[in-house]
Amino acid sequence: MEHKLNFEEIYTLYYPKLVRFSREYVSSIEDAENIVQDVFFILWQQRENIDELRNVNAYLFRLTKNKCIDFLRHKIRIGDLHCSLQDVEEKELQFKMYSIEQFDEQSLSNEDIETMINKAIDTLPPKCREIFMLSRLDGMKYQEIADQLKLSTNTISNQIAIALKKLKIELKDFLPLFIVFFLS
Amino acid sequence: MIGVFFKLRRLNNMKRIMMDKRLTTYFSGLLSDTEKLRLFKDLEADEAIMVEFVSLQNLFSLSKMVGEKGDGAYAALKFSQFRFRTKKHQMRRMTLTLSKYAAVFLLLLGSYYMIDRFVFEKNKVHYTLIEVPVGQTRQLTLADGTKVLLGSNTSITVPDKFAKDQRLVELDGEALFTVVEDKSKPFIVKTSKYNIHVLGTKFNVYAYAKSNEFETSLIHGSVCIDDGQIDSKKIYLKPSEKAEMLGGNLVKAPMNMAEVSHMNDGVYTFDKETVGEVLERLERYYDVTFQVSNASLLASSFSGEFKSKDRMEDALTVIQQSYAFKYKRISENITEIY
């Protein structure tokens with residue numbers, strides 16, 4: 001585990017994950033890809049100092065988070081200027097921006113983020129885990145999962161709720177306990 | 001009282017569960033725009049639901065960090081695009097660095113040119129053209145101390161300051177050089193026909209551009225004559241030798257001091273030379289052209305003297321004492337002899 005990753009290895013390990021992460025906030029895959037390429041470009045410019053970065057995990061997360069916030073802020077401002085955003089779209093962007101602002105990358109240890117999440121998911125009961133994976137990771141609709149597993153949609157949504165409750169506890173370090181300030 | 005509390009708590013729990021359901025539906029992307037708008041209004045009104053929303057949003061985002069099938073290939077494709085970008089960046093940086101150096105270089109070059117051109121303009125060599133009118137002579141001392149006695153109807157181009165490696169003058173006419181010795185800077189007399197290379201020496205040059213004749217007579221020292229071509233034949237003269245044109249070639253011959261004495265005493269002495277040769281000298285001296293119809297006259301031998309102060313008519317009279325001929329001035333520069 002003490003093996004130091006070189007730049008390409010870091011890129012290969014983090015790029016797809018950070019793109020999926022960013023996409024949750026900026027909504028478009030292209031925008032997410034551009035943001036993460038920019039993040040790695042910054043890392044590349046510091047490539048001589050990569051070994052000195054004690055926590056590449058937290059560093060990449062911080063860069064990605066800040067880039068996403070910049071992107072969303074810009075998009076909201078442009079939308080305001082041109083009145084091109086519907087009320088619901090603008091609100092959604094604001095909540096997305098607010099959510100990622102609350103994301104606490106400082107709590108990330110140098111441990112691989114994937115290992116951490118897998119550990120959390122592994123604590124779920126098997127059925128619950130299966131349903132959660134299908135819904136979140138494969139992006140299936142409740143109805144589709146219900147059809148595949150021959151269960152009712154009600155069971156599916158209950159199981160998802162249980163999974164979320166447990167994961168929230170497992171991953172509580174990155175999630176807000178309370179809101180520091182409120183949106184105007 | 002207690003009942004009311006429990007009822008409230010149950011109601012709160014109910015609300016929570018209801019809210020959880022709405023939120024999970026939202027994150028599954030199944031909420032309509034109007035439902036979304038109502039949810040957002042509730043978020044703004046209730047801090048607890050807001051916390052829930054943010055937790056779920058970030059939880060879902062985190063859950064996306066789990067590796068997926070095809071991540072490797074996806075990352076490889078994107079990495080190649082990324083490499084392209086970094087290479088372009090490096091190229092641009094390199095170009096920028098190079099153009100910086102180029103700019104500095106051009107600036108220095110420009111400054112050097114400007115300084116050279118305007119500040120050290122006095123370093124530039126200026127040439128002076130000295131023309132001696134017909135029938136006169138001029139004594140000239142060059143920058144290195146070399147003395148030049150210029151003959152009639154002669155022009156010389158001299159620099160106000162000699163180059164580092166040579167002392168070059170251009171001559172059209174006749175001149176007697178007394179060159180100051182400087183082994184590091186050969187003295188060169190450039191004429192329309194031959195170049196004469198000198199170290200320290202005294203010699204006479206007869207080389208009018210208009211004339212076919214060329215003659216260099218060495219009084220002392222040594223000179224070398226070539227025609228300015230890279231592989232030209234060189235002729236070296238010893239004192240009391242002269243080099244002259246004979247049938248288009250430059251040949252060596254013994255030198256008679258009387259032939260160059262006119263430069264010092266103004267007396268031209270001819271000893272058994274053809275009238276043709278004498279007339280040729282007079283043409284150069286007076287800057288005229290003789291049209292001679294009497295061919296036998298040209299081949300006849302003539303000995304005699306002229307003074308440099310003589311007019312052209314006086315000179316022709318001296319020849320008429322040996323040979324009978326008449327002459328008529330057709331124009332200022334052309335005289336017919338018959």
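**Strand pairing in chain B**

Tutor: In chain B, three strands form an open sheet in the order E15-E18-E17, and their pairing is mixed. The model is a predicted one. The edges of this sheet are strand E15 (289-292) and strand E17 (327-329) of chain B; each has a single partner strand, so one side of each has no neighbour in the sheet. From one strand to the next, the twist averages 25 degrees. E15(B) runs parallel to strand E18 (residues 334-337) of chain B, and four bridges join them. One residue pair in this arrangement is Phe290(B) with its bridge partner Thr335(B) in E18(B).

The pairings of E5(B) can be taken in turn. With strand E3 (residues 147-150) of chain B, E5(B) pairs in the antiparallel sense, and the pairing extends over four bridges. Within E5(B), Phe177(B) is the residue that stands opposite Val148(B). Strand E4 (residues 154-159) of chain B also runs antiparallel to E5(B), and three bridges join the two. Here Thr157(B) has Glu170(B) of E5(B) as its bridge partner.

Strand E6 (residues 187-190) of chain B pairs with E5(B) in the parallel sense, over four bridges. Strand E8 (residues 202-207) of chain B runs antiparallel to E5(B), with six bridges between them. Thr178(B) has its bridge partner in E8(B), namely Lys202(B). As a general point on side chains, those of a regular strand alternate between the two faces of the sheet.

A helix of the chain can be treated in the same way. Helix H2 (residues 33-45) of chain B has 13 residues and reaches 19 Å from its first C-alpha to its last, close to the expected 18 Å. Leu39(B), Phe40(B) and Leu43(B) are the buried residues in H2(B). They lie on the same side of H2(B) because they cover an arc of only 100 degrees around the axis. Thr34(B), Lys41(B) and Ala45(B) are exposed on the other side of H2(B).

The partner chain has another make-up. Chain A has eight helices and zero strands. Of its 184 residues, 33% count as buried. Among contacts in chain A between residues at least 6 apart in sequence, 64% join residues at least 24 apart.

Last comes the contact between the chains. In chain A, 46 residues are in contact with 38 residues of chain B. On the chain A side, two or more residues come from each of helix H1 (7-26), helix H2 (29-45), helix H4 (87-102), helix H5 (113-122), helix H6 (126-137) and helix H8 (153-170) of chain A. H1(A) gives the largest share of that side, ten residues. By residue type, the side of chain A that touches chain B consists of 28 nonpolar, seven polar and eleven charged residues.

Definitions and conventions:
Residues are numbered from 1 along each chain as its sequence is written. Chains are lettered from A and ligands numbered from 1 in the order in which they are written. This is a predicted model: local features need pLDDT of at least 70, side-chain atom pairs count only at pLDDT 80 or more; totals for chains, interfaces and linings use all residues. The expected span of a helix is 1.5 Å times one less than its number of residues. A residue is buried if 20 or more other C-beta atoms lie within 10 Å of its own, exposed if 12 or fewer, and partly exposed in between; C-beta atoms are placed from the backbone. The arc is that of the directions from the helix axis to the C-beta atoms. Two residues are in contact if their C-beta atoms, placed from the backbone, lie within 7 Å. Ala, Val, Leu, Ile, Met, Phe, Trp, Tyr, Cys and Pro count as nonpolar, Asp, Glu, Lys and Arg as charged, and the others, Gly among them, as polar. Two strands pair if DSSP finds at least two bridges between them. Axes are lines fitted to C-alpha atoms, for helices over the stretch in contact, and angles run from 0 to 180 degrees between N-to-C directions.
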